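Dear colleague,

The structure is handed over below. My notes on its sheets, an annotated domain and a pocket follow it.

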Amino acid sequence: MTDTATFLNELNSLLGERGLLREPEAMARYVSDWAGDTLGMPLAVARPADTTEVSEVVRRCYAQGIAMTPQGGHSGLVAGALPAASGQELVISLERMNSVRAIDPINFTITVDAGCILENVKLAAFEHDCEFPLSLGAQGSCQVGGNIATNAGGLNVLRYGMMRELVLGLEVVLPDGRVLDSLNALHKDNRGYDLQQLFLGSEGTLGIVTGAVLKLSPRPTQNRTALLGLPSVQAVIDLYGLARRDCCDLLTAFELIPRRCIELAIEATPELRDPLESAYPWYVLMEVAATGPVDLGAMLEQLLETGMARELVLDGALASSDTQSAQLWQFRESMLEGQRRRGEHLRTDISIPISAIPDFVTRASDVVMNASPECEIIAYGHVGDGNLHFNILPPAALPDADKKAHLHALEEQLFDVLDEFHGSISAEHGIGRTKQAAYLARLSPLERELISGVKALFDPKGLMNPGRILPNYSPDKG
């Protein structure tokens, strides 16, 4: 019996039949993400049921030199949680660790297993008249551990911040199997270095998050949603400035949507109808929410009156019920499916200063169209935090075999423009494998030295999610 076979048999004894998958058919759903990307088949899939089992699995991998791929809800977009083509990585899925451990509605905290589905966390908070505000299109399948590992953003960053601002405490299994227990529910804790912040956005390269204390907010008792038609991106940004001042911290979302995305949403969801009487070049989907006696309807109406008087807003639809609000948000959700149905395309996740968005869209569009006149640009995103998804559909006549290289060349040119605006190549999706080359090319020597040093300190054998963010490395060569 080989050492690998012995190792897997030992894991099987530890985890039981439900806890270890070894047949290719059983492992098939663990090798692809939301976009349908696949890389390879894992050595096996470990499905531990609690932190103790995670710790023991990791400890044994560390002793045997087995590479590990922590995995959440398969909703990533940068190939960060997919097993490598080598077939030598053990996928460690947290899906069986899905319990809400505790809720404290006075301290406004919820303690959960890392494998909890985001939507279930939100529902649990709702039952205690609280809200966990992280809001993602994939919230029905993504897991809290993955949200933490990628420092997830989403629709409500404008008001509540990214995942980094929503985590108070963590429980993490380190690459050698030791457990770092920092499940503190303190809203203020200023004791030296904040080690747990290193794991937020680390994409599973420093350890496996197994539990978290998350910050809750009071559940809004009312919200109002509006979909508005605007003439230009500059008008969108001007309206945002107005809304940010007039609505203050009650503004929860402010989404930029081009006309093409409305069309894609209708194609993907035929029951949707054009939301306004006329078509407009650009749309804003915005929402305000509050708890208490605030007249949100009057606030939005006043904003729209001012926006129309300044010729920023051309038309608009205000939702008067939760059902109508959900219908307006359906455009935002369905347009993603509409893009996916078009096949392979370039998905970007960039950020720039909010005030620079109009100039960036113009400059980047000119560069891309000059390089590829037959492609189609779909630029949308979260205006309130400067996060754009500047996506590109390749020319329809381009052979499938040539699309990947063509899109990669366009991405390089797009990132060059982004550098001119001092932006980021990743606002919320992370680096993974997909963006590694672009990320490394933009690191200064000092930044790379420090980041590599952190990785080497936590994971000296280079076994925890190797090849993500940083290249594979040998402990001898660094």
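Two strands are said to pair if DSSP finds at least two bridges between them. Strands (E, at least two residues) and helices (H or I, at least four) are DSSP runs, numbered from the N terminus. This is a predicted model, in which local features need pLDDT of at least 70 and side-chain atom pairs count only at pLDDT 80 or more, while totals for chains, interfaces and linings use all residues. Residues are numbered from 1 along each chain as its sequence is written, and side-chain values use heavy atoms, with hydrogens and water left out.

Seven strands form an open, antiparallel sheet in the order 15-12-14-13-17-18-16. Its edges are strand 15 (315–318) and strand 16 (350–351), each of which pairs on one side only. Four bridges link strand 15 to strand 12 (residues 222–230) in the antiparallel sense, and Ala226 stands opposite Leu318 of strand 15.

Helix 9 (residues 259–268) packs on this sheet and touches strand 13 (251–258), strand 14 (282–290) and strand 17 (376–382); contact means heavy atoms within 4.5 Å. The direction of helix 9 makes about 90° with that of strand 13. Axes are lines fitted to C-alpha atoms, for helices over the stretch in contact, and angles run from 0 to 180 degrees between N-to-C directions. Helix 12 (residues 357–371) also packs on the sheet, touching strands 16, 17 and 18 (387–393), at about 20° to the direction of strand 18.

A second open sheet has four strands in the order 1-2-4-3, with mixed pairing. Strand 1 (20–21) and strand 3 (67–71) are its edges. Strand 2 (residues 44–46) and strand 4 (residues 89–93) run parallel, joined by three bridges, and Ala44 has Leu90 as its bridge partner in strand 4. Helix 3 (residues 51–64) lies across strands 2, 3 and 4, running at about 170° to strand 4.

An unreviewed UniProt entry annotates residues 38–219 as "domain: FAD-binding PCMH-type". Over residues 38–219 the chain is 20% helix and 25% strand, and the end C-alpha atoms are 39 Å apart.

Helix 15 (residues 445–458) gives the most to the lining of the second largest pocket, with three residues. A pocket here is an open set of points on a 1 Å grid over the protein atoms alone, where a 1.4 Å probe fits, with protein on both sides within 12 Å along at least five of seven lines; lining residues have an atom within 4 Å of a point.

Regards

Methods:
UniProt positions renumbered as here; feature names shortened; annotations may be inferred.
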